[in-house]
Each structure stands twice: as C-alpha cells, then as structure tokens.
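I opened my notebook for a friendly look through this one. Here is the entry, with the structure first.

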Amino acid sequence: MIEKLNLTMLTDFYELTMANGYFESDMAEDIAYFDLFFRQIPDGGGYAIMAGLEQVINYLDNLEFSEEDIAYLEKKGIFSEEFLDYLRNFHFVCDVWAVPEGTPIFPGEPIVTVRGPVMQAQFVETMLLLQINHQSLIATKANRIVRAAGGRPVMEFGTRRAHGASAAVYGARAAYIGGCSGTACAIADRDYGVTALGTMAHSWVQMYPNEYEAFRKYAEIYPDGCTLLVDTYNVLKSGVPAAIRVFDELQPKSKGIRIDSGDVAYLTKKARKMLDEAGHEDCQIVVSNSLDEYIIQDIIVEGACIDSFGVGERLITSKSEPVFGGVYKLSALEKDGEMIPKIKISENIEKITNPGFKTVYRLFDRDTNKAIADVITLDGEPVPEGDGYEIFDPRAVWKRKKLYNFYAKNLREPIFEKGKCVYQIPSIDAVKEHCKEQISTLWEETLRFENPQTYYVDLSPALWQMKNQLIEEHNKF
C-alpha cells in the first residue's frame with residue numbers, strides 16, 4: 001500500500017524552515033490551532049464531498065524522520081543541530097478534529113482542525129491539503145456523474161489518465177466514496193476493497209482473425225462475466241451481430257456489450273433493438289468514451305439505451321475543474337491557558353478567515369430530515385436549538401431566518417487526542433453508504449448541476465462578533 005511509504009518529507013520546504021524558525025525562537029511548544037477549509041465548490045456546484053481522511057490518519061500515525069531525512073536536511077546547511085536532534089526524536093502529540101468522509105461539505109467550514117505545538121501543527125499542512133483536496137475533488141465529481149446516471153452503475157475507468165500512480169489509486173477510492181460501483185484499478189481493489197471491473201481492449205479483438213473468434217474465445221474463458229467490446233470495426237454491421245452469434249451458441253450466464261466510440265445515443269438504441277429481437281433482452285449495454293455528467297444527462301434525455309457507464313479521464317482528473325482549493329490557516333493560539341483568536345484579513349471577502357476554535361453544526365428539519373443550513377460556532381457554545389433560533393447570511397447580514405421544529409448535529413468528530421488516534425476508521429463501503437444517505441438530506445435545488453440554490457453556512461452571533469471585532473482592531477493600523 002502507498003501508506004507504507006514514509007511520506008514525512010512529502011512537504012513544502014517552507015514548513016521545515018518555519019519549524020526551524022519556531023524552534024530557534026523558543027516558540028516550538030506554543031499551542032496553535034489550524035483550520036483546513038475550502039472556499040469554492042468545483043464546477044459551480046451546490047455541495048462537495050469530504051474524502052481523504054483515512055490517508056490523513058495513516059500519515060499522522062506514521063510521522064517520523066529517518067536518518068536519511070536528517071542527513072538530507074543537514075546537507076542544506078540552514079538547520080540547527082538542536083532542531084535536527086528534535087526531529088530525530090519526533091513524536092506527534094497534536095489533537096485533531098474532522099468531518100467524517102462521505103459527508104457533504106460547504107465553503108468556509110473547518111472540515112479539519114489541528115491543535116498542538118505550532119511546529120507540529122504547521123508542519124502537517126502540506127500533506128493534509130494534498131490528501132483532502134485531491135480526494136474531495138474526485139469524490140465530488142464522481143457524485144455528480146453518478147447522480148446524472150440516474151441509478152445506472154458508473155465504473156471509474158481513469159487509471160491510465162490519472163496524474164500519477166497515487167492519483168490513480170486514491171482517485172479510484174474517492175470515486176467509490178462518491179458513488180461509483182467499481183474501478184478499473186486493480187490495486188485499489190487489493191488495498192481498499194474497491195471492486196475491480198473490466199472487459200477487454202480493442203487489441204484483444206484485433207489479435208484474432210475476426211470479431212466472432214475473439215468474442216467466442218473470451219466467452220469460453222469468462223462465461224460468468226462476458227461483456228464484449230463491439231466497436232473495434234463497425235458496431236452495427238459486425239460487432240453486435242458477432243456478439244449475438246456468440247451469445248446464441250454459448251449462452252453465457254452474464255452477457256453484455258460495450259460501446260466506446262461513436263454516437264452512443266444512436267448506437268445503443270439500434271443495438272438494443274437488435275439484441276432484443278435476437279432474444280437477448282437480458283444483455284447489458286455499457287458505454288464509455290470521454291463521458292461526464294453533462295454528456296450522460298444529455299444522452300439519457302435523447303433516449304439512449306444504456307445500463308451502465310464507464311467514465312475515465314473526465315472523472316479521475318476532474319477535467320472541468322481540476323483544483324479543489326482547500327487552504328490551511330491559523331485560527332487561534334493558547335497563551336497561559338487563554339485562547340487568543342487569530343484572523344487573516346483580505347480585500348477579497350471570501351479570503352477573510354473565521355477566527356477561534358470552532359465546530360460545525362448541521363440543522364435539520366424534523367419533519368423531512370432535510371438539511372436547512374450549517375452553523376459554525378465557537379467551541380463550547382450551546383448547541384443551536386429551540387424554536388425561533390435565528391440564522392443569518394454572514395455575507396449579507398440582512399438575510400435572516402428564524403427556525404422552528406429543527407434539530408442540530410455536530411458534523412465533526414475527534415480523530416487524535418494528544419497524538420493518539422481515537423477514531424475508528426469505517427470500511428470503504430460504510431463511507432460510501434454514509435455519503436449516499438447524507439446526499440439524500442440535501443434539497444433537490446442544492447443538487448442542481450447549473451445554478452444550484454446556495455446552501456447557507458452561517459456564523460453564530462458570538463463568532464460573528466469576534467470576527468468583526470478583530471477586523472476593526474486590525475483596521476486601526
């Protein structure tokens with residue numbers, strides 16, 4: 001598994017220079033809080049999906065600097081011997097809270113918070129962002145594609161188009177969380193239990209004198225899972241007729257055809273008619289060929305006869321918007337037992353951070369169990385409850401609403417306490433099911449691909465007051 005590698009040094013170099021700086025400034029043990037959040041939902045969507053937490057846990061559980069790492073840093077000539085000795089005996093001691101994988105998430109929410117010595121809490125920034133950004137991006141894209149398919153299975157076929165080996169493996173994992181039925185990536189099956197699926201390449205067909213012989217041999221070898229690729233030469237004139245002949249002769253238990261090129265809406269309608277007339281109503285039709293949620297949606301509207309989809313490059317790279325944009329920002333310090341909130345101010349409103357140690361509640365309608373809004377509160381504040389609880393849009397404070405007959409759920413869970421993992425990592429299937437259940441709590445208006453209704457993430461009055469007070473204080477300078 002990829003986690004078996006020592007990834008401690010997979011970090012931005014400035015994390016090391018800052019760590020050394022904190023050490024030399026006698027700040028190494030100062031307690032800091034960092035929040036990981038994102039600012040914008042990919043593809044102009046209404047929601048994103050949290051993913052990558054398992055890999056974050058594995059990384060934090062195995063943080064250690066090898067002698068090879070120390071030797072490399074020593075050669076740089078800028079790190080003190082005392083700092084290098086500290087790294088030799090490094091032991092992770094931070095607290096971590098996070099939103100579980102598979103949960104719908106929204107901009108500005110602290111989906112991960114790390115509390116601990118600033119030198120440690122700062123150092124883990126790069127890897128946390130790398131894992132959460134990538135897998136959340138792919139899980140989000142996968143969920144959009146799966147919803148477009150309208151209940152038809154979607155297989156992740158993008159291994160060969162992924163941006164590197166780890167992107168292929170973790171991308172397959174994230175796609176499964178987002179709702180895909182399986183993957184073409186064998187190692188993702190071996191290591192994560194994401195079902196590996198596949199048929200044949202055009203080269204298999206080309207290796208034989210004709211399609212009939214290629215299909216017959218495949219059906220003889222794989223009678224329990226016989227899906228034949230019918231577009232090597234001509235789908236309707238030779239591919240489908242050859243498949244029908246093999247199905248007639250060998251009667252495989254499970255049979256299907258795959259079309260990987262051409263006008264798939266037209267071809268699948270014609271192929272379905274041919275198969276049905278030959279008595280193979282149970283033959284599945286699989287379609288691939290540079291698909292995404294918009295193309296899938298369109299061809300279904302056009303009446304395409306498709307039972308399942310294979311989606312590759314536009315899923316595994318999230319081609320339409322290949323960056324998630326999560327950030328990792330300091331939100332508070334502890335000095336002599338006192339919490340000191342910190343804020344980052346910008347002329348861009350969306351880049352102004354929320355200060356303090358916080359948590360996130362999701363508010364649900366008791367009658368429908370649909371999510372109404374999320375509220376970010378300061379840690380220790382009372383749980384939002386009671387008829388008449390007022391929420392407001394922090395970017396347009398005149399937009400206010402009083403809630404009745406609702407309940408609140410804290411989205412975050414403790415993951416590490418003093419460097420020890422206290423979280424039971426769920427199975428990949430449990431995460432996938434959790435994702436499906438939580439998506440069902442969102443309103444259809446939020447799930448729209450185009451111009452979705454904004455899902456509001458509000459601030460508690462106490463957090464709003466703290467944020468504005470800090471802005472006013474910094475504006476005095």
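The notes below cover a strand and its neighbours, then the cysteines.

I am working with a predicted model, where local features need pLDDT of at least 70, side-chain atom pairs count only at pLDDT 80 or more, and totals for chains, interfaces and linings use all residues. Residues are numbered from 1 along each chain as its sequence is written, and side-chain values use heavy atoms, with hydrogens and water left out.

**Strand 9.** I looked up residues 255-259 and found five of five buried (under 20% relative accessible area; exposed is over 50%, partly exposed in between; 1.4 Å probe, protein chains only). Helices (H or I, at least four residues) and strands (E, at least two) are DSSP runs, numbered from the N terminus. Side chains in a regular strand alternate between the two faces of the sheet. Here I see Lys255, Ile257 and Ile259 pointing one way, and Gly256 and Arg258 the other.

**Its neighbours.** Strands pair if DSSP finds at least two bridges between them. I count four bridges from strand 8 (residues 226-229), running parallel to strand 9, with Thr227 opposite Gly256. Strand 10 (residues 284-287) is also parallel to strand 9 and joined to it by four bridges; there, Val287 partners Ile259.

**Cysteines.** I searched the whole structure for disulfides (cysteine sulfur pairs within 2.5 Å) and got zero. Cys226 is in no disulfide either, with the sulfur of Cys283 nearest at 8.6 Å. I also noted that Cys226 is buried, at 1% relative accessible area.
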